[in-house]
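Here are some notes to read alongside the model, written for someone opening it for the first time. Take them in order, and keep the view open as you go.

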Amino acid sequence: MIFGKNIVVTGALKGIGKVAVERFAEQGAHLWACANFLTPEFVSFCSELSKKHQVRVEPLCSDFTDVESVKLMAKQILAAKVPIDGLVNIAGMTKDAVFHMTTATDLLQIYQVNVVSTLVLTQLISKNMMRQKAGSIVNVSSIAATDGIAGQLAYASSKAALNGATRTLARELGSYGIRVNSIAPGVIDTDMNLNVPADILNERISSTSLGRIGKPTEVADLMCFLLSDLSSYMSGQIIRIDGGMA
Amino acid sequence: MIKLLEGKNILITGSNRGIGKATVEFCAKQGANIWAHARSASDDFAQFCQHVAEQHQVTITPLYFDLRDKDQMLVAVKLIKASPFPINGLINNAGITYNAIFQMTNEHNIEQNLQVNFVSHYLMTQYIIKLMSRHGGGSIVSIASTAAIDANPGRSAYGSSKAALLCATKALSREVGQMNIRANTVAPGITQTDMLSSMSDEVIAEAAASTALRRCGTPQEIASVAGYLISDHSAYITGQVLRVDGGM
């Protein structure tokens with residue numbers, strides 16, 4: 001679906017991002033795998049993927065709490081002077097707390113990482129896409145943005161901001177042939193669930209139509225679809241991948 | 001190339017033109033065996049099925065029946081049941097369009113839209129789910145319309161019939177998830193098919209310009225989304241409505 005495409009993936013160090021990098025490489029895409037910091041394990045993970053699938057997997061890092069650091073990373077990507085076909089904004093953070101215990105500092109940090117830095121990167125990368133008159137941007141939102149989840153005020157509202165950005169950017173960038181969509185995952189088997197009490201987690205899983213937790217590979221498959229030409233007439237959409245919740 | 005639909009056996013209704021025809025082509029290319037439904041037999045359609053089947057090395061069986069006739073539907077279901085291919089995909093695509101303002105829509109028009117766009121799919125899905133549940137699951141895709149959600153003027157009868165289809169598909173997804181059956185809806189926007197001939201060029205151009213991508217969609221662009229939803233690449237997506245509308 002995405003063979004030979006050049007794709008930027010953020011949040012690639014772990015969870016859905018790491019699995020997405022594996023999936024995209026397996027399908028023959030060339031990647032910039034962006035992490036918040038580079039570990040020797042991550043660097044060798046990238047080079048092994050590169051060898052195994054005969055694709056380019058370049059590890060990069062930037063601190064999403066710092067806009068300048070994100071700009072610097074974008075410059076490194078743009079310096080390659082190759083057409084960028086896809087951008088997958090996965091990098092994100094959460095600090096769960098009830099509303100009255102949510103501090104302004106935490107709010108600002110979460111908005112900084114999930115919204116501001118993501119949009120700054122998107123601004124810079126989409127300039128390259130505008131020149132090609134093509135491209136696909138996939139933002140990773142959450143069902144929390146539309147459903148609301150108690151204890152996730154900062155996270156949910158930041159993802160709702162991202163959904164607004166998706167719809168707006170779809171309109172602004174559409175005339176340049178760039179498509180912009182959001183993915184809203186439900187309960188996916190990653191370490192983001194570690195902080196959720198087991199009974200709440202089980203209740204949420206059993207409330208799905210399919211009665212099971214989602215796999216990171218399943219989210220990666222949806223990303224592949226949205227990056228590919230199979231979804232060439234889809235833009236401005238927020239697609240739930242939740243096993244059937246709403 | 002990875003084939004999305006290898007091992008899938010799919011019934012596609014209304015497959016002699018427009019989105020249905022493009023869906024047959026897409027699914028065959030992706031490795032699926034297909035029962036291609038059309039209302040009446042024709043040499044052209046039989047040749048089309050044979051040609052696409054040979055091109056992609058799959059089996060395509062034309063099935064002729066009237067979706068308004070329950071007895072004919074049951075005969076077709078028996079054929080599917082008796083075939084060596086276990087059915088694991090259903091694309092409810094057949095449909096009619098109708099444009100008239102609310103006050104000019106008569107009883108006959110309302111009933112016809114509901115019958116073809118809703119009731120027939122409801123019944124067919126009931127029959128096919130019975131078969132799927134014995135085969136370990138499957139995926140159902142209903143082709144509705146953005147008119148079902150946006151409620152456009154002049155589209156009250158058509159839009160309501162598609163909204164009914166959308167709701168039934170979503171409710172169904174909650175009932176059959178435990179059987180590993182998924183159900184989703186595709187809502188196409190302005191798509192280049194015969195259905196557009198019921199609208200003036202001016203209206204079409206205006207609608208196309210209002211999309212983010214500034215153009216109409218093609219039947220192929222709807223077909224690829226329907227095919228994706230049948231495939232295991234959408235294994236955790238159910239109960240959803242995917243708008244394929246270029247951004248409206």
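**Notes on the two chains**

1. Let's start inside chain B, where β1(B) and β4(B) pair in the parallel sense over three bridges. Within this pairing, L11(B) stands opposite L90(B) in β4(B). Please keep in mind that the model is a predicted one.

2. On its other flank, β4(B) is joined to β5(B) by four bridges, and the two strands run parallel. Here G89(B) sits opposite S139(B) in β5(B). Are the residues of β4(B) buried or exposed? Both faces of the strand are covered: G89(B) and I91(B) on one side, and L90(B) and N92(B) on the other, are all buried.

3. Now step back to the whole sheet of chain B. Seven strands make up an open sheet in the order β3-β2-β1-β4-β5-β6-β7, with parallel pairing.

4. I140(B) has A183(B) as its bridge partner in β6(B). Helix α4 (residues 107–134) of chain B packs on the sheet and touches β1, β4, β5 and β6 of chain B. The direction of α4 makes about 175° with that of β4(B).

5. Another helix to find is α1 (residues 18–29) of chain B. This helix lies across β1 (9–12), β2 (33–38), β3, β4 (89–92), β5 and β6 of chain B. It runs at about 170° to β1(B).

6. R243(B) deserves a stop of its own. The residue is found in strand β7 of chain B, and it counts as buried because it has 25 C-beta neighbours inside 10 Å. Leaving out residues up to four places away in sequence, R243(B) touches Q237(A), T146(B), A187(B) and G189(B).

7. How many residues does the contact take from each chain? It takes 25 residues from chain A and 25 residues from chain B. On the side of chain A that touches chain B, α6 (153–174), α8 (216–227) and β7 (238–241) of chain A each supply at least two residues. The most comes from α8(A), with four residues. By class, this side of chain A has nine nonpolar, 12 polar and four charged residues.

8. Stay with α8(A) and look at its packing inside chain A. Helix α1 (residues 15–26) of chain A and α8(A) pack at an angle of about 55°, their axes being 8 Å apart. That angle makes α1(A) oblique to α8(A), and α1(A) passes α8(A) in a right-handed crossing. From α1(A), the residues G15(A), I16(A), V19(A), A20(A), R23(A) and F24(A) meet P216(A), T217(A), V219(A), A220(A), M223(A) and C224(A) in α8(A). The residues of this contact divide into nine nonpolar, two polar and one charged.

9. Chain A has an open sheet of its own, with seven strands in the order β3-β2-β1-β4-β5-β6-β7 and parallel pairing. In chain A, β3 and β7 stand at the edges with a single partner strand each, so one side of each has no neighbour in the sheet. Its neighbouring strands are turned by 20° against each other on average, direction ignored. Strand β5 (residues 135–140) and strand β6 (residues 178–185) of chain A pair in the parallel sense over six bridges. V138(A) has N181(A) as its bridge partner in β6(A).

10. Finally, two loop residues are worth a check of the backbone. Most residues other than glycine have a negative phi. Q54(A), though not a glycine, has a positive phi of about 55°. It lies in the loop between α2 (40–53) and β3 (57–61) of chain A, and counts as exposed because it has 8 C-beta neighbours inside 10 Å. R214(B) is not a glycine either, and has a positive phi of about 60°. R214(B) lies in the loop between α7 (201–209) and α8 (219–230) of chain B, and with 13 C-beta neighbours inside 10 Å it counts as partly exposed.

Terms used
Residues are numbered from 1 along each chain as its sequence is written. Chains are lettered from A and ligands numbered from 1 in the order in which they are written. This is a predicted model: local features need pLDDT of at least 70, side-chain atom pairs count only at pLDDT 80 or more; totals for chains, interfaces and linings use all residues. Two strands pair if DSSP finds at least two bridges between them. Two residues are in contact if their C-beta atoms, placed from the backbone, lie within 7 Å. Axes are lines fitted to C-alpha atoms, for helices over the stretch in contact, and angles run from 0 to 180 degrees between N-to-C directions. Ala, Val, Leu, Ile, Met, Phe, Trp, Tyr, Cys and Pro count as nonpolar, Asp, Glu, Lys and Arg as charged, and the others, Gly among them, as polar. Angles under 35 degrees count as roughly parallel, over 145 as roughly antiparallel, 65 to 115 as roughly perpendicular and the rest as oblique. A crossing is left-handed if the near helix is turned anticlockwise from the far one by less than a right angle, and right-handed if clockwise. A residue is buried if 20 or more other C-beta atoms lie within 10 Å of its own, exposed if 12 or fewer, and partly exposed in between; C-beta atoms are placed from the backbone.
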